[in-house]
Amino acid sequence: KMPWGTLDKDRLEQIIRQITGKKLEQSKMVLTSALVKGSGIIFLWAPNKKTFIKVNRGVRVYVVSYETDDRDRILVYDGFNLLAIHPDDLEELGFN
């Protein structure tokens with residue numbers, strides 16, 4: 001079975017609102033952001049585009065799903081793409 005087949009649309013919408021600075025509904029939980037560890041670049045799998053995307057390390061991402069794929073990667077959103085990344089490559093920042 002493919003992971004992330006049924007993404008939580010509310011969660012994704014919340015991430016986009018948080019990134020764009022749109023007003024958040026009070027009832028919605030603020031999502032955890034993280035930084036891609038290290039410096040330089042990393043190539044991450046974009047499952048919806050079925051290709052690898054070049055991403056600058058140090059960029060802020062938002063966790064979309066903690067469900068892992070067959071390579072133990074979770075799904076994050078960087079403001080442009082949904083990306084699969086191993087949790088060891090992330091440094092969680094908490095809520096902000």
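1. Strand β1 (residues 32-36) is largely enclosed by the rest of the structure, because 4 of its 5 residues are buried. Bear in mind that this is a predicted model. The cut-off behind the word "buried" is under 20% relative accessible area.

2. The partner of β1 to look at is strand β4 (residues 60-65): the two run antiparallel and are joined by 3 bridges. Within this pairing, Ala 34 stands opposite Val 61 of β4.

3. Is Asp 69 buried or exposed? Its relative accessibility is 9%, so Asp 69 counts as buried. A polar atom of the Asp 69 side chain lies 2.9 Å from the backbone nitrogen of Arg 71.

4. Arg 71 comes up again with His 86. Setting aside neighbours within four places in sequence, His 86 is in contact with Arg 71, Asp 72 and Arg 73. His 86 itself sits in the loop between β6 (82-85) and β7 (90-95). Its relative accessible area is 28%, and His 86 is therefore classed as partly exposed; that class covers values between the 20% limit for buried and the 50% limit for exposed.

5. His 86 can also be placed relative to Val 36. The two residues are 50 positions apart in sequence, while their C-alpha atoms are 9.9 Å apart in space. For the chain as a whole, consider contacts between residues at least 6 apart in sequence: 54% of these join residues at least 24 apart.

6. Phe 52 belongs to strand β3 (residues 51-56). With 47% relative accessibility, Phe 52 counts as partly exposed.

7. Some overall figures follow. The chain has 1 helix and 7 strands, and in sequence order the pattern reads α-β-β-β-β-β-β-β. Of its 96 residues, 35% count as buried. The chain exposes about 6100 Å², of which carbon and sulfur atoms supply 53%.

Note on methods: Residues numbered from 1 in each chain as written. Predicted model: local features only at pLDDT ≥ 70, side-chain atom pairs only at ≥ 80, totals over all residues. Heavy atoms only, no water. Buried < 20%, exposed > 50% of the residue type's maximum accessible area, 1.4 Å probe, protein only. Pairing = 2+ DSSP bridges. Polar contact = N/O pair within 3.5 Å; in protein donor to acceptor, adjacent residues only side chain to side chain. Contact = heavy atoms within 4.5 Å. Areas by Shrake-Rupley, 256 points an atom, 1.4 Å probe, with all protein chains shown as cover.
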